[in-house]
Amino acid sequence: MAYSDKEILDGLGEIIDEIAGVPAGDVTPEKSFVDDLDIDSLSMVEIAVAAQDKFGVEIPDDQLKDLKTVQDVIVFIQK
């Protein structure tokens, strides 16, 4: 199923709020997970697993390290 940017952004916002406690409204495409949202590597793994479940995509561990911004994840999910 194809998701719009907004659907993915809203879904990621919910996931990040639930896992890392970052308000969903603070999750915008240009935000860096580490620098702007202060998300650690363990939380990133949890977020990736939740995103995989929600959007039906596989995010391999070796590619997770390359997903540095919210926009990177949006683009990855849309592929």
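Which residue forms a salt bridge with E14? Before we get to that pairing, a word on what you are looking at. This is a predicted model, in which local features need pLDDT of at least 70, side-chain atom pairs count only at pLDDT 80 or more, and totals for chains, interfaces and linings use all residues. Residues are numbered from 1 along each chain as its sequence is written, and side-chain values use heavy atoms, with hydrogens and water left out.

Now to the answer: the partner of E14 is K54, with the closest N and O atoms 3.8 Å apart. A salt bridge here is a side-chain nitrogen of Lys or Arg within 4 Å of a carboxyl oxygen of Asp or Glu. K54 belongs to helix α2 and E14 to helix α1, so their pairing ties together parts that lie 40 residues apart in sequence. Helices (H or I, at least four residues) and strands (E, at least two) are DSSP runs, numbered from the N terminus. K54 is partly exposed at 40% relative accessibility, and E14 is partly exposed too, at 49%. For these labels, buried means under 20% relative accessible area, exposed over 50%, and partly exposed in between, using a 1.4 Å probe and protein chains only.

The structure holds two salt bridges, and the other one to visit joins the side chains of D10 and K6 at 2.8 Å, N to O. Both of these residues sit in helix α1, four residues apart, or about one turn of the helix. D10 is partly exposed at 36% relative accessible area, while K6 is exposed at 56%. Side chains of opposite charge can pair when their charged atoms come close.

Let us stay with α1 for a moment. Its 16 residues should span 22 Å at 1.5 Å a residue, and the end C-alpha atoms are 21 Å apart, which agrees; the expected span is 1.5 Å times one less than the number of residues. The buried residues of this helix are I8, G11, L12, G13, I15 and I16, and their cover includes α2 and α4. Just after α1, G21 takes a positive phi of about 75°. Further along, D38 has a positive phi near 55° although this residue is not a glycine. D38 is in the loop between α1 and α2, and is exposed with a relative accessible area of 69%.

In soluble globular proteins, nonpolar side chains tend to be buried together. If we take L37 and leave aside neighbours within four places in sequence, L37 is in contact with V22, D26, V27, K31, S32 and V70, where contact means heavy atoms within 4.5 Å.

Not counting residues up to four places away in sequence, A48 touches I59 and L64. A48 and E58 are 10 residues apart in sequence, with their C-alpha atoms 8.8 Å apart in space.

What about aromatic rings? The structure holds one aromatic pair. Y3 and F55 form it in an edge-to-face arrangement, 5.0 Å centre to centre with 85° between the planes. Rings of Phe, Tyr and Trp (its six-membered ring) pair if their centres lie within 6.5 Å; planes under 30 degrees apart count as stacked, over 60 as edge-to-face and the rest as tilted. This pair links distant parts of the chain, since Y3 is in the segment before α1 and F55 in helix α2, 52 residues apart. F55 is buried, at 6% relative accessibility.

Finally, the annotations. An unreviewed UniProt entry places the feature "modified residue: O-(pantetheine 4'-phosphoryl)serine" at S41. S41 is in helix α2 and counts as exposed at 62% relative accessibility. The unreviewed entry also places "domain: Carrier" at residues 6-79. That span is 58% helix and 0% strand, and its end C-alpha atoms lie 15 Å apart. UniProt positions are given in the numbering used here, feature names are shortened, and annotations may be inferred rather than shown by experiment.
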